Amino acid sequence: MKLLDNWKDVLKSAWSMKAIGFAAFLEIASNVVPVLSDYIPWWVTVIVLAAAAGARLIKQPVAAEATDAGE
């Protein structure tokens, strides 16, 4: 296994990473603010994480790749 050369760009722009961050936010919010657990069902986080897995399979242009492709 090797780390990508442009891992920082991927971390900033990949939809899978954004979905994982959103799922983490939902879980933390529902545990820190108990009132939110009534409004955020447990399965919402599961759906967001499943969407992250699906987003990981889709080719997504990264900012550095987009500029290199034009040359």
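The model is a predicted one, so to speak of local features takes a pLDDT of at least 70 and side-chain atom pairs count only at pLDDT 80 or more, while totals for chains, interfaces and linings use all residues. Residues are numbered from 1 along each chain as its sequence is written, and side-chain values use heavy atoms, with hydrogens and water left out.

As for the overall build, the chain has four helices and zero strands, which reads as α-α-α-α along the sequence. Both kinds of element are DSSP runs numbered from the N terminus: H or I over at least four residues for helices, E over at least two for strands. Of the 71 residues, 20% count as buried, buried being under 20% relative accessible area, exposed over 50%, and partly exposed in between (1.4 Å probe, protein chains only).

Next comes the largest pocket, with a volume of about 450 Å³. Helix H1 (7-13), helix H2 (15-32) and helix H3 (42-57) are the elements that give two or more residues to its lining. That lining counts 17 residues, and Leu4, Val10, Ala14, Ser16 and Arg56 lie nearest the pocket centre. By class, 11 of the lining residues are nonpolar, three polar and three charged. Here Ala, Val, Leu, Ile, Met, Phe, Trp, Tyr, Cys and Pro count as nonpolar, Asp, Glu, Lys and Arg as charged, and the others, Gly among them, as polar. A pocket is an open set of points on a 1 Å grid over the protein atoms alone, where a 1.4 Å probe fits, with protein on both sides within 12 Å along at least five of seven lines; lining residues have an atom within 4 Å of a point. Grid points are joined across faces, edges and corners, and the volume is the space filled by probe spheres set on them.

Ala19 sits in helix H2 and counts as buried because its relative accessibility is 15%. Beyond its neighbours within four places in sequence, Ala19 touches Val48 and Ala52. Ala55 is 36 residues away from Ala19 in sequence, yet the two C-alpha atoms are 8.4 Å apart.

Thr45, in helix H3, is buried too, at 7% relative accessible area. Its contacts, again leaving aside neighbours within four places in sequence, are with Ala23, Leu26 and Glu27. With Glu27 there is also a side chain to side chain polar contact at 3.0 Å, that is, a pair of N or O atoms within 3.5 Å; within protein, one must be able to donate a hydrogen and the other to accept it, and residues adjacent in sequence count only if both atoms are side-chain atoms.

Glu27 turns up again with Ser30 of helix H2, whose side chain reaches the backbone oxygen of Glu27 at 3.1 Å. Ser30 is buried, at 13% relative accessible area, and is in contact with Leu36 and Ser37 once neighbours within four places are set aside. Val44, in helix H3, is partly exposed at 23%, and its C-alpha atom is 9.5 Å from that of Glu27, 17 residues away along the chain.

Note on methods: Contact = heavy atoms within 4.5 Å.
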